[in-house]
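Thank you all for coming; I would like to take a few minutes to walk through one structure with you. Please have a look at it first, and then we will go through it step by step.

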Amino acid sequence: MAKTPLDRIASLGEEVLGKAAQNATAHKLVQGAMQLRERVDDLSKRVRGLEQMEKRIDKLEKRLAKLEGTTKKTSGAAKKTSTAAKKTTDEKTTDES
């Protein structure tokens with residue numbers, strides 16, 4: 001049976017891979033590439049986790065801004081009340097003198 005050009009290329013590719021597997025330098029290169037792929041996968045998972053955390057932080061910051069906005073109004077009213085109380089106390093002191 002005659003080999004087609006595609007069969008010849010496939011067998012050459014298998015030979016090259018076989019020789020590369022026996023070569024120590026090529027073996028180290030393949031190991032390094034596999035480790036790099038694993039590290040990239042791990043980093044991409046972490047980045048996705050960070051994006052979710054950023055979204056949660058944004059929501060919390062918005063809630064905090066709303067709370068601080070109502071707190072500032074309350075504290076401003078409290079300041080006005082304390083100032084009015086001081087004026088009343090000062091007026092009583094000067095009237096009694």
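**Helices and surface charges**

What you see here is a predicted model, and its chain holds two helices and zero strands. How much of the chain counts as buried? Of its 97 residues, 1% count as buried, and the accessible surface comes to about 9500 Å², with 60% of that area belonging to carbon and sulfur atoms.

Which side chains meet in a salt bridge? They are those of Asp42 and Arg46, with 3.5 Å from N to O, and the count for the model comes to one salt bridge. Both residues lie in helix α2, four residues apart, which is about one turn of the helix. Asp42 has a relative accessible area of 36%, so it is partly exposed, whereas Arg46, with 55%, is exposed, because the cut-off for exposed is over 50%.

A patch of positive charge, in turn, brings together Lys55, Lys59, Lys62 and Lys66 on the surface. Is Lys66 buried or exposed? This lysine, which also lies in helix α2, has a relative accessibility of 65% and therefore counts as exposed.

Notes:
Residues are numbered from 1 along each chain as its sequence is written. This is a predicted model: local features need pLDDT of at least 70, side-chain atom pairs count only at pLDDT 80 or more; totals for chains, interfaces and linings use all residues. Side-chain values use heavy atoms; hydrogens and water are left out. Buried means under 20% relative accessible area, exposed over 50%, partly exposed in between (1.4 Å probe, protein chains only). Accessible areas come from the Shrake-Rupley method with a 1.4 Å probe; for residues, only the protein chains shown count as cover. Patches are made of residues with over 30% relative accessible area and no salt bridge: like charges are joined within 9 Å, nonpolar side chains (Val, Leu, Ile, Met, Phe, Trp, Tyr) within 5 Å. A salt bridge is a side-chain nitrogen of Lys or Arg within 4 Å of a carboxyl oxygen of Asp or Glu. Lys and Arg count as positive and Asp and Glu as negative; His and the chain ends are not counted. The place of a charge is taken as NZ of Lys, CZ of Arg, CG of Asp or CD of Glu.
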